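Take a walk through this model.

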Amino acid sequence: MGVNDLSINPSGYILGIESTAHTFSIGVADSNGYPLDSVSVAVRPLKGGIHPREAADHHAQKGAEVLQKLLKLHDLNPSDFAAVSFSQGPGLGPCLRIGASVARTISQKWRIPLLGVNHCVAHIEVGRKTCGCDDPVLLYVSGGNTQIIAKMDGRYRVLGETLDIGIGNMLDKFAREQGIPFPGGPKIEALAKEWVENNPTAKLEDYSLPYAVQGMDLAFSGVLNAACNLIKKGAPLGAVCWSIQEHTFAACIEVAERALAHTSKSELLLGGGVACNSRLREMSEIMSNERNATSFVPERKFCVDNGSMIAVLGQLHLLHEDITELSESSVLQYLRTDQTPILWA
Ligand code: ATP
Ligand code: FE2
């Protein structure tokens, strides 16, 4: 089905399907590309990490129900939509394939164009759209990804990134070791906050952890091992949660600050699930103020994986008639942030 076989509704909504990992979400952007609320479901393994195939089965079972709920929530019908976008990558193959096949089916049935988009770029564009920043350095901190990104020469370039695991993955693994269920980040935040309120004179050096910065890159597995060792040696859980946050967030902010200096940009944008964390938001604000930059933090519902951010980016692709043919709609598990040209720059 080519572009010319489709009637594009210029005032139509964009449907966005997110299915890169544990979350299956369908969202909407209006014809100006502004995101509305998504409907999301997530697998929450009781034991161990997420199993890609089990997550994919979960997403496949929930797909139709999520779509119905979304249409009902916004009182929309298939004829209200101009296009359907989906996360083409990066992510877990089995999960991505469910999202892609739901999107292809909708494209065929509703006779609207298909838009395969880059999940990481969607985290940037939803932040730009909802926070009103223009040309930010993005600190993208999620379970699977930790990257410092900025636009240069028509692409979003990765200026620094984790050399091992994502920061959220490190938080989730530490939490799991302590018997805290997935996702661990919010509980670690709560424990850290409570502990520091009860121990205002605590010293960070008493719960020291490795330095996570390596040049412009980051590394978190050493922090994870050291944090688990502190617990084994009897350190209070709250103290270790506090120390993990202080050390690793400071590392991310340090690299982001260097990226601002290097690119001469003056906007710092947070994105990804870990950007829900109030302490990280505070550190980002403090650093930005110190260097006369502005810190932008999207609403939490747009930081975590959500279908509406996929729709926001889909709308930009549609504006530039960058439509995905069925033959090119296979998922791209290892898609890189800088592989996607920014046609809307
Ligand atoms: P991506 O595919 O972009 O890597 P993801 O699959 O990890 O994303 P997200 O929803 O962006 O999904 O992020 C989930 C992560 O965010 C989890 O690791 C979770 O622990 C972490 N997280 C959520 N809320 C908080 C919080 N308040 N503090 C710290 N971490 C948090
Ligand atoms: Fe994400």
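Y13 is partly exposed, at a relative accessible area of 27%. Here buried means under 20% relative accessible area, exposed means over 50%, and partly exposed lies in between (1.4 Å probe, protein chains only). F81 is buried, with a relative accessible area of 2%.

This is a predicted model, in which local features need pLDDT of at least 70, side-chain atom pairs count only at pLDDT 80 or more, and totals for chains, interfaces and linings use all residues. Residues are numbered from 1 along each chain as its sequence is written, chains are lettered from A and ligands numbered from 1 in the order in which they are written, and side-chain values use heavy atoms, with hydrogens and water left out.

The structure holds 4 aromatic pairs. Rings of Phe, Tyr and Trp (its six-membered ring) pair if their centres lie within 6.5 Å; planes under 30 degrees apart count as stacked, over 60 as edge-to-face and the rest as tilted. The rings of Y13 and F81 have centres 6.2 Å apart and planes at 55°, so this pair is tilted. Y13 sits in strand β1 (residues 13-18) and F81 in strand β4 (residues 81-89), so the pair ties together parts 68 residues apart in sequence. Helices (H or I, at least four residues) and strands (E, at least two) are DSSP runs, numbered from the N terminus. Ring pairs also link Y13, F81 and W110 into a cluster.

W195 and W242 form another aromatic pair. Their rings are tilted, with 5.4 Å centre to centre and 35° between the planes. W195 lies in helix α5 (residues 184-198) and W242 in helix α7 (residues 237-263), 47 residues apart. Both W195 and W242 are buried.

Helix α5 leads on to the ligand. Which element gives the most to the shell around ligand 1? It is α5, with 4 residues. Around ligand 1 there are 25 residues, and Y140, S142, G143, D172 and E189 come nearest. A residue counts as near if one of its heavy atoms lies within 4 Å of the molecule.

Where does ligand 1 lie? Domain 1 (3-125 + 303-339) and domain 2 (135-298) both give residues to its shell, so ligand 1 lies between them. The domain bounds come from an automatic or database domain assignment.

An oxygen atom of ligand 1 is 3.0 Å from a polar backbone atom of D305. Another listed distance is 3.4 Å, from an oxygen atom of ligand 1 to an N or O atom in the H123 side chain.

Key. Polar contact = N/O pair within 3.5 Å; in protein donor to acceptor, adjacent residues only side chain to side chain.
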